[in-house]
Amino acid sequence: MTLYSIKMRASQKEHHVSGAERILEKKQLASAVGTLTERALQHSLGTADFINLKIEEISEEAVLRLPALPVTTKPSQNIEDSFSVMASMLNELGITNPDKLITLLRNVKPMRGAVLYDIATNQRIDPNQERGIRVTYMDATDSDSLSSNKNHFREALVLATKVVNTPGMVAELCISDDPDYVTGYLASKMHGYTRIMPLKNVGDPHGGRIFIFDSRQAKPEEAIHFLEKVPVLVDSLPTEKITIEAPEISINNKLDELKKNALFRSMRTMNSEQSKYAIVNEKKQLLMSSNSYLDLAANPRVKEAAARAVLLWGAGSGGSRLTTGNTALAEELEKALAKFKRKEATLLFNTGYMANVGIISALTDKESVIFSDEFNHASIIDGSRLSGAKIIVYKHNDMQDLETKIVSTQYRKGLIVSDAVFSMDGDIANLPEIVKLSQKYHLLSMLDEAHATGVIGANGQGIVEYFNYTAEPDIIMGTLSKSLGSEGGFACASNAIINYLINKARSFIFSTAQCPAALGAALEALKLIEEDNALVKQLQHNVDYFCACLRRQGINANSPTPIIPIIIGDEAKAMSVAKELENEGVLIPAIRYPTVPKGTARLRVALMATHTDEELEHTAHLISKAIKKYQ
Ligand SMILES: *Cc1c(COP(=O)(O)O)cnc(C)c1O
């Protein structure tokens, strides 16, 4: 029977992007042309603008069939340990100076081929050292050979099997040049294909390949001819799924990476309730960063209501709202929220996060389009992704960009969604324009009022009140966990939309209802705000007062809401300034990537209604001092 060798090489602007080869029967050729072409066009390095397909006939007798090398894995704690493992394996092969080879492997200039190193003379003998030795005419006889996916492991095992069976070959060493792939291997007759990890840090693009050859056992020309010309088919590839990497090593690598970039997060321990002053790691701190804007999490009336609810309704709810978990208490809170937001109906969720995920994934699907502000909260992004809808991100609060994007998009149904008060910048969405565009283009509109409820509008009713009830979004989403000092999320909308959510929102349906304490607390907090707007007014006074204090200190600050970002820029510097403030007894954590874009690390001040003018004045002074110290 005749076989065919088919080789694909793809480049973009004369740079190599992808290459692959197969050895196949005639009847498989046509489909191989398709899959290899597809692979060239879909490569992550770019779409090829030049694809070279070469097909040659080869006789079956010329093909050498080899069993795949057995595969083992040797994980180590760190990179240096991995190279020690490699060195001792080289020792076992009779190589007395393994360090020289390892240094070469770690520093070899990037090239497409491999170094051919002769241990009899201790030198490189690949004739063209810019290019190295390129092994070709090889494939495996498994079913994967027609798949268009690149399977690094499969291709490496085929290559290593051919290399190890080359006359005079002692071993092969390899580090992948894929920045995300920290595993390499040593292959030899004695060791089989031994995966060694980690051989580099995540993100490191360096790779290298060395063929260790002994010219006392075979002629170099013979070895090079075998590698470059003799067709090899590798049988019995392992069928079980080989994990790419020992999980604990990849996790530790990623943690190291975070630490290196000052992006590692850990939790601080609060040793008291959440109020203006709190005990943090055993030290009293002025909280200038809590989302409990009205200081209601610690309000005696709210706490008592939570306790009463527990005594009356129990500690837990015992079921989903659709089974046994729905109480009159939950319904009372929903009615109160609907009235407060001037909507027909409300549906509670366990958290604001779950509300966004549930609402968005219920109201949109694969056929929808979601227009989403670039600074929207992560829970909006997650809900949008879960829906499978097409997501179009518009520039922050840029209504012109939003309209341009709506007009240039084909859709049958969709949603415009935005934070009402942006959680990291503290600015307010252009509600009238969002509602106007949504009506003009037959889209639903949804505003996330996590930081708007109890905060903006003369009575704390949120963004609709802030714009004097001139525009009304279809869905108002909110949370009970910020101004209202409790826990839970909600959607306020028409009866139809709320009924739809009850039937479709999976984070509502498949989760146990909120606990009575959370419901009781939120209900009381809402009553408190509705009875008297003094706390809301005080919060709004504090915003103006504190911004003026900062400006007097030469810090550019201007925010219509109690979220006041003080941009520092560099991640490590922002951490130092925050640490300094903590030493002075004021807690304003630094916010970093990925919560905000890289290089815009900031102090995120969040004011409370209960902060006094003196406390605000003093804090502004401390902030200015700390920033100067780290300039
Ligand atoms: C906090 C927040 C949420 C999530 O609310 P939780 O009740 O904390 O889960 C959603 N959206 C925005 C804008 C938020 O700031």
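Predicted model: local features only at pLDDT ≥ 70, side-chain atom pairs only at ≥ 80, totals over all residues.

Author: Happy to. In the ligand site, an oxygen atom of the ligand is 2.5 Å from an N or O atom in the side chain of His451. That is a polar contact, a term for a pair of N or O atoms within 3.5 Å; within protein, one must be able to donate a hydrogen and the other to accept it, and residues adjacent in sequence count only if both atoms are side-chain atoms.

Residues are numbered from 1 along each chain as its sequence is written, and side-chain values use heavy atoms, with hydrogens and water left out.

Now for the wider shell. The ligand is surrounded by 14 residues, and the closest are Gly352, Asp448, His451, Thr479 and Lys482; a residue is near a molecule if one of its heavy atoms lies within 4 Å of it. By class, the shell has 2 nonpolar, 9 polar and 3 charged residues. Here Ala, Val, Leu, Ile, Met, Phe, Trp, Tyr, Cys and Pro count as nonpolar, Asp, Glu, Lys and Arg as charged, and the others, Gly among them, as polar. Helix 9 (residues 352-363) supplies the largest share of the shell, 3 residues. Helices (H or I, at least four residues) and strands (E, at least two) are DSSP runs, numbered from the N terminus.

On to the rings. The model has 5 aromatic pairs, counted when ring centres of Phe, Tyr or Trp (its six-membered ring) lie within 6.5 Å; planes under 30 degrees apart are stacked, over 60 edge-to-face and the rest tilted. Phe371 and Tyr411 form an edge-to-face pair, 6.1 Å centre to centre with 75 degrees between the planes. Phe371 lies in strand 17 (residues 368-373) and Tyr411 in the loop between helix 11 (399-407) and strand 19 (413-419), so this pair ties together parts that are 40 residues apart in sequence. Phe371 is buried, at 0% relative accessibility, whereas Tyr411 is partly exposed at 24% (buried is under 20% relative accessible area, exposed over 50%, partly exposed in between; 1.4 Å probe, protein chains only). Elsewhere, ring pairs link Phe153, Tyr185 and Tyr193 into a cluster.

Finally, the backbone. Most residues other than glycine have a negative phi, and most peptide bonds are trans. Met197 and Pro198 are joined by a cis peptide bond with omega about -5 degrees, and Pro198 lies in the loop between strand 11 (192-197) and strand 12 (208-213). The bond from Tyr593 to Pro594 is cis as well, with omega near 5 degrees. Lys13, although not a glycine, has a positive phi of about 45 degrees; Lys13 is exposed, at 67% relative accessibility.
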